[in-house]
2 protein chains.
Amino acid sequence: MRRWNGWGDDQFSLELPEEGQAFLGRRIGRATPLQDVTLKQVCSGLPVSRLPSDPAVADQIDTGNETRVRHARGQSLVDWLALHSGDIGTFPDGVAFPASNSDVRALLRYVHDNDLHLIAYGGGTSVAGHINPVDQGKPILTVSLAKMNRLLDLDRESQLATFGAGTPGPLVEAQLRAHGYTLGHFPQSFELSTIGGWVASRSSGQQSLRYGRIEQLFAGGRIETLQGTLDIPTIPASSAGPDIREMILGSEGRLGLITEVQARVSRLPEQENFYVVFFPSWDLARTAARQLAQDRIQLSMLRLSNAIETETQLALAGHPGLIGMLEKILSLRGARDGKCMMTFGVTGSISQCRAALKEARQVCSTHQGVYTGTRLGVKWAEKRFTMPYLREALWHMGYAVDTLETATNWDNVDNLLNKIEDNLRNGLASQNENTHVFTHLSHFYGQGCSIYTTYVFRVADSYPETLARWQHLKDTTSELIVRNRGTISHQHGVGKDHAPYLPLEKGELGMRAIRALTTSFDPDSRLNPKTLLD
Amino acid sequence: MRRWNGWGDDQFSLELPEEGQAFLGRRIGRATPLQDVTLKQVCSGLPVSRLPSDPAVADQIDTGNETRVRHARGQSLVDWLALHSGDIGTFPDGVAFPASNSDVRALLRYVHDNDLHLIAYGGGTSVAGHINPVDQGKPILTVSLAKMNRLLDLDRESQLATFGAGTPGPLVEAQLRAHGYTLGHFPQSFELSTIGGWVASRSSGQQSLRYGRIEQLFAGGRIETLQGTLDIPTIPASSAGPDIREMILGSEGRLGLITEVQARVSRLPEQENFYVVFFPSWDLARTAARQLAQDRIQLSMLRLSNAIETETQLALAGHPGLIGMLEKILSLRGARDGKCMMTFGVTGSISQCRAALKEARQVCSTHQGVYTGTRLGVKWAEKRFTMPYLREALWHMGYAVDTLETATNWDNVDNLLNKIEDNLRNGLASQNENTHVFTHLSHFYGQGCSIYTTYVFRVADSYPETLARWQHLKDTTSELIVRNRGTISHQHGVGKDHAPYLPLEKGELGMRAIRALTTSFDPDSRLNPKTLLD
């Protein structure tokens with residue numbers, strides 16, 4: 001069953017190998033875990049639901065305490081601390097599980113007529129507070145489209161698939177694969193996040209180099225709003241005025257509930273492989289990665305770890321004997337301390353893969369990259385969705401883990417990356433605490449790339465003190481990002497946590513444009529209030 | 001000098017070879033041209049300018065009659081008929097030529113304070129009535145950014161170029177080429193249209209398969225609005241809420257004046273070639289083209305002419321001896337009557353080009369394509385921007401030429417294409433007039449493609465009767481397009497001519513979203529009123 005207070009299925013867990021524990025101990029010291037509250041304890045303390053009864057929607061809505069707890073929070077570190085401490089604050093007053101568009105329309109009428117607030121739950125994987133209820137004195141209904149999880153239509157000729165918006169990643173891919181197709185959208189949250197949530201939050205997947213971000217995959221669909229149904233037709237491309245799709249993408253539930261997504265799919269590729277190359281230095285590695293993107297080498301994914309992430313990954317992998325051997329070989333070929341690991345994927349027809357691999361190897365070798373073939377690439381592919389489970393393991397050892405991500409232009413990548421890492425690394429110095437910080441670049445464009453930074457710190461003696469540690473790191477780094485030409489989010493969205501920084505990025509008139517849309521579709525701010533903007 | 005009543009420079013003209021004349025004569029009969037009005041005649045009949053004088057903007061504004069006439073109309077067939085007949089209707093009361101952002105801001109204040117209307121002229125190449133003044137009882141100021149035509153900045157590392165929005169195609173490319181870069185945006189209007197106009201109208205260029213549509217090239221920039229300056233930062237990609245860039249793209253001057261465009265540029269490619277392949281039938285040709293797109297073969301351009309366009313192009317090319325020889329060779333290899341011509345471009349590094357050409361030839365040969373190498377491709381590249389000049393030649397022979405374009409999903413391409421062609425071909429039957437109609441597909445996506453149809457008909461005995469012929473063809477076909485899952489425009493925009501059909505495409509709530517933006521930025525509808533929407 002899905003963990004009520006953490007990531008994924010509770011039958012699956014990861015353990016940190018001894019070498020990894022020793023590594024973290026050396027970096028930030030051994031730690032003492034905080035005490036976890038139980039689900040039962042939380043459920044016993046819930047306020048009574050304020051939802052009015054209405055026979056038109058009664059059979060869709062579950063007001064049971066456990067359901068309300070399980071839909072109260074997302075997956076941010078704040079959410080994590082709330083769920084583990086039991087200090088959760090506001091709960092939804094009930095959770096609706098509509099099974100059709102007309103169910104959703106009935107819910108919207110119910111919300112409108114009874115002066116309620118509504119939260120679109122998606123897959124509940126938000127790491128920016130999108131789905132967290134905020135108490136504004138009105139009853140709150142959270143809506144999960146978990147029952148709307150089917151492939152409704154597949155147009156093979158136009159390569160368009162229609163899905164219920166609540167379809168989670170594995171069901172998207174399984175239903176398509178049965179017909180020989182793939183969407184190719186693989187965010188790290190793939191196991192739990194939904195196709196509607198990807199659209200609402202402008203998600204990006206690990207293989208966006210081939211398949212595109214969700215902006216490129218979202219062809220049209222249906223959105224149920226308080227003003228009626230918005231059907232966006234599927235047109236391959238158009239110059240007929242501003243693109244309505246683009247107003248829904250990133251709307252984070254403020255305009256309406258996305259109920260159906262028509263997505264651009266691809267035939268399953270003939271071949272797919274992932275390769276790993278080590279570079280002697282960050283400068284060489286980053287230059288090679290930039291060239292791969294700017295030269296339009298047909299890769300399907302690309303990820304570049306900086307030296308500390310490379311070191312951390314090798315340490316946390318376990319297998320000290322094998323890793324030692326690898327490091328010896330790399331050392332002989334010039335990649336020693338400060339080496340950086342690049343992983344890239346090649347996907348397509350056999351001849352396309354052959355050509356792309358050849359071109360990619362050429363670029364890498366120009367920059368002194370040491371090619372190691374597919375062996376570590378296979379490992380990456382096996383573990384591509386498991387990183388969140390590691391957070392679980394670290395938590396039980398007394399470590400808190402969070403990530404921050406942004407994107408910026410190439411001319412600013414090093415500047416911003418260093419500022420982010422320095423700020424996190426030194427952020428707890430006044431408490432004599434170290435933070436272990438490492439970064440990779442994971443989405444590449446001609447213009448720039450994303451920067452994805454992970455930081456690990458020891459929990460404090462109490463939950464409030466631990467939260468304060470996090471809050472300080474998060475606030476100062478978020479401010480730093482938007483003041484240094486980064487976006488407040490490349491792939492996680494705005495939610496409530498990033499909302500204070502959005503005006504700095506979009507400017508007064510940019511915010512005016514977004515507000516014009518939310519005000520027009522939801523004048524009373526009933527839908528996901530406080531998410532995206534006030 | 002630029003033609004005041006037609007396309008391009010008046011020192012350059014094309015002649016239709018004798019074989020072409022004979023071909024059209026057989027298809028729709030010989031024709032008698034209508035009498036053209038002169039520039040002098042038009043200038044002598046202009047109403048006096050209603051613009052109030054204001055020293056703050058006086059030196060930017062030209063109220064001379066010739067300047068007003070030269071900025072009164074675009075390049076649609078209606079515009080053509082107006083300018084050749086002299087029945088032009090409303091003129092701008094003056095034309096402003098700002099040289100800086102502060103000039104533009106001064107103009108906007110002037111417009112606001114004096115209750116004026118403002119039209120953004122772009123390059124004046126609209127074929128949908130974008131820039132045509134509409135008399136609503138208010139003085140009309142047309143604004144040309146022709147003086148804002150410089151490359152302002154080039155960031156080589158991030159491959160971003162900043163241009164004054166009035167920079168026309170040739171100056172975009174020349175200024176970039178001097179540094180070894182290209183934008184790669186080549187609409188047929190390239191010689192005259194501007195980078196700001198491309199953004200405002202969501203333009204697409206002939207090599208969009210490599211470089212993308214203007215949506216992909218527009219990274220950010222500056223828009224002067226009646227509410228202040230909107231600066232859109234350049235971020236490679238973001239999930240921070242709806243994308244403001246996408247609200248400006250296709251806004252057609254309704255939100256403000258785009259004054260600076262930051263565009264994603266590429267290094268000049270090592271190699272570029274264009275190739276021609278003939279297919280025995282439309283079915284084979286269309287299937288091959290679809291496969292090229294869906295298999296992600298790295299082409300830079302792709303164009304597929306249907307059988308009538310292929311026949312027309314070969315007839316109009318002249319050189320009957322050479323063409324005869326070509327047709328004999330094609331016939332021997334299976335491409336006879338009903339054959340369809342595909343032109344594709346391959347651009348990139350030498351190794352990328354080699355791989356892509358090999359893959360493309362393989363796909364074509366699977367579908368019985370007869371590869372003819374680069375010879376006809378070179379011809380295509382030479383003439384890629386000259387088609388509008390042919391309209392000039394045909395006009396003087398008594399033929400009116402217009403084009404209609406849309407895009408739709410693959411499953412609907414044949415249905416829509418046939419409906420469009422049939423409607424145009426039979427549209428003048430009640431007058432016993434034939435229309436010569438032919439089509440190519442010119443922009444390809446996994447999901448579908450654009451459909452670009454040209455139609456030629458004889459002018460009637462008078463201008464009003466000729467206009468009535470056109471109006472009937474245009475209205476019925478536009479209606480047909482939006483009622484059959486086509487977009488009202490894939491690359492020409494909405495303007496005033498397509499505005500009546502936009503609500504059918506976008507739906508009531510789609511229009512509500514667009515109107516929320518225009519109302520918020522321009523509550524009194526001063527900017528390009530009647531363009532895009534009422």
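Asp295(A) and Arg267(B) form a salt bridge in which the closest N and O atoms are 2.8 Å apart; the term denotes a side-chain nitrogen of Lys or Arg within 4 Å of a carboxyl oxygen of Asp or Glu. Between chain B and chain A the count is 2 salt bridges. The model is predicted, so local features need pLDDT of at least 70 and side-chain atom pairs count only at pLDDT 80 or more, whereas totals for chains, interfaces and linings use all residues. Residues are numbered from 1 along each chain as its sequence is written, chains are lettered from A and ligands numbered from 1 in the order in which they are written, and side-chain values use heavy atoms, with hydrogens and water left out.

**Interface of chain B and chain A**

Chain B and chain A each bring 83 residues to the contact, where contact means heavy atoms within 4.5 Å. About 6400 Å² is buried between the two chains, with carbon and sulfur atoms giving 52%; buried area is the accessible area (1.4 Å probe) that two parts lose on being put together, summed over both. Of the area that chain B buries against chain A, Ser239(B), Arg296(B) and Gln447(B) supply 12%, more than any other three residues. Across this interface there are 52 residue pairs in polar contact, both residues being at pLDDT 80 or more. A polar contact is a pair of N or O atoms within 3.5 Å; within protein, one must be able to donate a hydrogen and the other to accept it, and residues adjacent in sequence count only if both atoms are side-chain atoms.

Ser158(A) lies in the loop between strand 5 (151–155) and strand 6 (160–164) of chain A; helices (H or I, at least four residues) and strands (E, at least two) are DSSP runs, numbered from the N terminus. Ser158(A) counts as buried because its relative accessibility is 0%, the limits being under 20% relative accessible area for buried, over 50% for exposed and partly exposed in between (1.4 Å probe, protein chains only). Beyond its neighbours within four places in sequence, Ser158(A) contacts residues including Gln294(B), Trp410(B) and Gln447(B).

**Domain 3 and domain 4 of chain A**

Domain 3 (271–384) and domain 4 (388–502) are among the divisions of chain A, with bounds from an automatic or database domain assignment. Their C-alpha centres lie 24 Å apart. The area buried between them is about 1400 Å², of which carbon and sulfur atoms give 62%. Arg286(A), Ile308(A) and Glu309(A) supply 29% of the area that domain 3 buries against domain 4, more than any other three residues. The count between these domains is 1 salt bridge. Helix 11 of chain A gives the most to the side of domain 3 that touches domain 4, with 7 residues.

**Annotated site**

UniProt, in an unreviewed entry, lists Arg391(A) under "binding site"; such positions are given in the numbering used here, feature names are shortened, and annotations may be inferred rather than shown by experiment. Arg391(A) is found in helix 16 (residues 387–395) of chain A and is buried, with a relative accessible area of 15%.

Selected atom pairs are tabulated below.

| Residue | Partner | Distance |
|---|---|---|
| Asp414(A), salt bridge | Arg286(A), salt bridge | 2.7 Å (closest N and O atoms) |
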